[in-house]
Amino acid sequence: MSRGPDRIDRRIALGLFLGGFALLWATEAAVGFVRDESVYFAAAEQVVRWLRLLLQAPGRAVSDPVTTQAFDFNHEHPLGMKLLFGLSWQLLHQASGWVRPAAAFRIPAFVLAASIPAVLHAWGSVLYGRRAGLFAALCFLAVPRHFFHAHLACFDMPVAALWLLVVYAFWRAETDPRWWLWTGLLFGAAVATKHNALFLPAVLLPFTVHRALQASAGKPAARSLLEQLVAALALAAALFAVLALLLTPAGLLRGWAFLSPPTAVVGLLGGALCALAVRLRATDEGTFRAVAPLLAMVFFGPAVLYLVWPWLWYHPVDRFAAYLEFHATHVHYAWMYLGHLLREPPFPLDYVFVVTALTLPISLLAPMATGLSSLGGRAAAAVLPGRWRRPGAASASEVLVGVNALASILLISLPDVPHFGGVKHWLPSMPFLALLAGRQVQLAGDALGAWLAPRLGRLPQAAVTPLLAAVLLLPAVTLTAHVHPYGTSAYGELAGGIPGAASLGMQRQYWSNNVTGVLGWINQHAPRGARLWLHEVNGLSFRDYQRNGMLRPDVQPANGPLDADVAAVQYHQEFREQEVAVWQAFGTTRPVAGLYIDETPQVVVYQRP
Amino acid sequence: MPSPEPAFPRLAAIQGAGFLAVALFALGFQLWLPRVLPGPADDRAVAEVLAREAQPGDVVLLHPWWTERARLFLPPGLPIIGYFGDEGDSLLEHPRIWVLSQPRLPFTPESSFSRAFLPGRTPLGAERRLGPYRLGLYRNGRARPVRFSAAEALGNASASVDAPDQGRVACVREGAGFRCPGGARVEASLHEVLYQPTRCLFVLPPGGPGSVEVTFHGVPPGEALRFEAAIVWEHAWKHGPHLTPLNAELFDAGTGARLATLVVEPGTEGFVAADVERAPESLRIRVQSNNAGERETCLRLRALGHREEGG
């Protein structure tokens, strides 16, 4: 039986997608550029320049020196999203002038972000019911920080969307033909977006093994082919281990050429897996569907990454190794947590859980947390011996949701993983938590309705769950509207809101974007040609504020307080010295304006007397 | 279409009621929060009181420490203290402290603030309520008259670099400070030490065995001295074998006798301090670190009079 949603739910999902997309676009103009975003804008423009060269002089464009030069900038991230940002900018701004540059870059990100509520509804409606799916969809985008990150031409929300899409496709592939292929292609898109996706195969492997064992039970031919698949993988791993022992891991990477033993091992493995997969499909479709999604991920992941990232074309192994190395040894930026500036590992194990709890609106945190714990209990119940087993044990599909709800959270919780940046780094977990929240609200709402109906005669039982869902969503929507476009400053009620979080000693904001809160004052009051120091706003963002009409074009960027007439300092505990440097340079501690959200200083403006 | 069936319907109904309670709490919180935030009229009321009643030497201490919006509207010239950990600051240069608090803000515990702030402080009159603000005036029993401050006396000081291979070379006066050989520098400026903005003697040592020396004359003799040294900003936190301790020594410039030695090890955040019972008439500070990288030093040397009566 297909796991696809019915016609009504497909329409609801489409409506959620279109509504989400329109909402993001409509609210985009006020959102500032986070520290990295202008770098991605610039990288996307570079992609367009290379594409133009590809049309004019294809031979030159695809050469090693040109691809190296063209894609060296920001090579720490794959090209997938930057390619889309660039094409959108070329089409919607450069060629047509339909939208301002920033909106043009961001539109592909809106598409992916808006797909999250759509997929959540499509999945949730089948897994738990229509109301559960709808609540999951709405609650994801109602979280202030999710809503903020959904606006950016960055990679965090896109990779969260693609993570969800891959797992959804993986789930559909068990019953629906061709979804194994979608799983592989979507995984390719995910790894071409951000490195988080590289962990997906490890997350999905246990489910593949479980499915394969179940599907091949009592089918010796299929089981034998599965064993041969495992043997081929084990043999390849053993050969790589031998090569690494002989050559050292670094030597293996250095000496990996097109015609070399490691390429031969990979080629033979690929051939063997393909042949075995074809035979498996002919032998038993069910077992094939169990393993095909992961096999497709193994094939299409590297293939898509390689195809869309010309920087890898001539040096795939060493550059991919350098890419991994960059993220494995990423610098640790200072980040405030409960009164401590986290500067270096080991980071507190509770960080991700506490920050999640403090930043989510409590009315959404409650169903997410109870949904996850309920699933944990029901999953444990499923493996209990018969007489201890209770009704409502978790299905494998639900365990898949639960494992993905925890995967990114647990990964970022590792004490050596960089912790700066806050929730955006474990965003891929959040859609799955939303799904569990949907189930919990529907279940609790229905039970409450059944209890209330006989007592409150006039209240239709069916109205209770939608009412409960609306009441739960309302505080989150209110908070999101209140804090927009400063979503990285948002804290939920458990933190005491934004002022409570300031007293708890939490990070006040992300870097750069909140400066939009004072650009209006600067545009109105800065002297003509004034030298302006926008603290923590890089030169590219300064240019972007000007070319998007958010900052007066006559204002000149200053390098620091010493050569500035006006300074806008972002409140970060780790940057206090820089505000003090403004006091010293300007001879005053009295600001002239500022962005204060619920009393908390976010960006403070000083003018040289 | 499946619909999850609760294993325990009553428990699920209680959970639904719980969700409803949480949502109502969240809505209540969002309605309540704006009511505890001050408005322009409240700001004006506070500013008027302080403009009318503040005296020279007074200071305003913010509680919670981060409510620095007050800098926008409080009377100019009135120092405002608001940094993480400021409730423990002795504010020794200020005999009276105005505490401007917003006690109804979430997670603003009075008890921990009072525990750190109140010892040695006496309320002067009743606390005033100005909208969500509370404004209280305290006599600061921890205050000490500052008879001498190296940062303020730098204009009359001399500075030199003493290197084993070059001997003593005088630094060149540049603005309010000195530029010295070997990249060394001395100036009086504002810096952050463990989140605290402080005006101090900012010294960049030359590195190696050489040191910067700053000599002051006309120090009020007989007063107690407090000598403090810190590395500024994030440089203080940094540690590792490439960084070396900072050595700051205080001498009687007349006799050459060493009065105090401070060692700031890499990774030490905040001031290290030493007290000297009686100040001589002239003082010399010597600052040295083998590796001058990231040893941006903030020195405070103050001669402190006795606590005032009633303090």
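I started at A:Leu532 and looked up its bridge partner in S5(A), which is A:Val566. Residues count from 1 along each chain as its sequence is written, and chains are lettered from A in the order in which they are written. I'm working with a predicted model, where local features need pLDDT of at least 70, side-chain atom pairs count only at pLDDT 80 or more, and totals for chains, interfaces and linings use all residues.

Next I checked the strands around that bridge. Strand S3 (residues 531-534) and strand S5 (residues 566-570) of chain A run parallel, with three bridges joining them. I noted that helix H23 (residues 516-525) of chain A packs on the sheet and touches S3, S5, S6 and strand S7 (600-607). Contact here has C-beta atoms, placed from the backbone, within 7 Å.

Then I traced the whole sheet. It is open, with five strands of chain A in the order S4-S3-S5-S7-S6, and the pairing is mixed. Two strands pair if DSSP finds at least two bridges between them. Strand S4 (556-557) and strand S6 (593-597) of chain A are at the edges with a single partner strand each, so one side of each has no neighbour in the sheet.

Last, I zoomed out. Chain A has 25 helices and seven strands; these are DSSP runs, helices (H or I) of at least four residues and strands (E) of at least two, numbered from the N terminus. How much of chain A counts as buried? I got 52% of the 609 residues, buried being 20 or more other C-beta atoms, placed from the backbone, within 10 Å of a residue's own. The C-alpha trace of chain A spans about 85 × 75 × 50 Å along its principal axes.

Technical notes:
Buried ≥ 20, exposed ≤ 12 C-beta atoms within 10 Å, placed from the backbone. Contact = placed C-beta atoms within 7 Å. Axes fitted to C-alpha atoms, helices over the stretch in contact; angles between N-to-C directions.
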